[in-house]
Amino acid sequence: MRENDSPLSECRMAVGEEFYKVINFYRGSLVTEMMFRDSWLECIYNAYPCFRGGWYRPPEYGCAVLFGNVRDSRRVNFESLRNPDSWPSSEILDWHDGYIYAYCSQVDRASGEMADFSAFHYLGSNPEVLDHINQCREVHSRMLSKLKPGITSVEFHAMCCTILDSSDLYIAGHSETDPARINFGHSLTLLSEARMNGAITLSDGDIANLSKSRRFINSTDNWPLHSTRCFSVEPRLRSC
């Protein structure tokens with residue numbers, strides 16, 4: 001993403017880089033979901049000028065880190081991060097065969113743009129898990145290959161559904177703010193310039209405006225994808 005040299009890509013790149021730095025910092029040590037989240041956020045704030053606290057709330061701070069492992073994956077197979085059961089807890093990371101799901105909804109203070117970042121990281125070597133991850137990558141890559149100038153959200157949604165139907169995967173969870181409930185992503189909107197004059201934290205109004213101004217890639221909301229500066233393609237895929 002750095003080739004665009006835009007604040008959006010720089011902010012997201014910084015968030016991702018700090019995530020992997022925290023993994024390496026704690027590697028092999030006892031760390032809980034809350035400890036990991038707090039360290040990650042502090043590293044982000046020290047590395048890049050973004051607002052303190054993300055736009056997607058709840059969870060607290062607009063950030064979630066969840067742990068699981070091959071024996072028990074319930075934490076990372078959540079329905080929605082809005083649910084208190086899916087907020088960071090005292091759950092301890094399994095360094096031998098564990099999963100890390102991470103999400104952070106930072107907003108860049110220079111551009112006012114949403115710079116969402118999410119990752120699923122597996123620490124083990126179970127062949128079935130690795131095969132699932134490879135399937136997800138392949139399906140996601142096929143979806144992205146369908147993007148072209150002039151395409152609409154509903155057209156792209158239909159193409160993604162066709163690809164998904166031909167795989168052994170399905171979308172896990174749902175969106176509590178999308179009337180259609182199931183989508184493949186959404187537009188990433190812009191904070192008003194009036195709110196960027198020295199502000200350090202997002203107000204409740206900022207959070208509401210950023211959330212409500214999104215348009216979803218679903219089966220009902222038809223809009224040209226090129227009409228927004230940036231959008232996400234982020235289906236949470238699960239094996240059948």
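Predicted model: local features only at pLDDT ≥ 70, side-chain atom pairs only at ≥ 80, totals over all residues.
Tutor: Residues are numbered from 1 along each chain as its sequence is written. Local features need pLDDT of at least 70, side-chain atom pairs count only at pLDDT 80 or more, and totals for chains, interfaces and linings use all residues, while side-chain values use heavy atoms, without hydrogens and water.

Student: Happy to start! Where is Pro58 found?

Tutor: Helices (H or I, at least four residues) and strands (E, at least two) are DSSP runs, numbered from the N terminus. By that scheme, Pro58 belongs to the loop between helix H2 (33–47) and strand S1 (63–69).

Student: What is omega for the cis peptide bond from Pro58 to Pro59?

Tutor: Most peptide bonds are trans. Pro59 lies in the loop between H2 and S1. A cis bond joins Arg57 and Pro58, with omega about -10 degrees. For the cis bond from Pro58 to Pro59, omega is near 15 degrees.

Student: Is Tyr61 buried, exposed or partly exposed?

Tutor: Tyr61 sits in the loop between H2 and S1, and its phi is positive, near 65 degrees. Buried means under 20% relative accessible area, exposed over 50%, and partly exposed in between (1.4 Å probe, protein chains only). Tyr61 has 36% relative accessibility, so it counts as partly exposed.

Student: Which phi value does Arg181 have?

Tutor: Most residues other than glycine have a negative phi. Arg181 lies in the loop between strand S4 (169–171) and helix H5 (204–212), and at 39% relative accessibility it counts as partly exposed. Although Arg181 is not a glycine, its phi is positive, at about 75 degrees.
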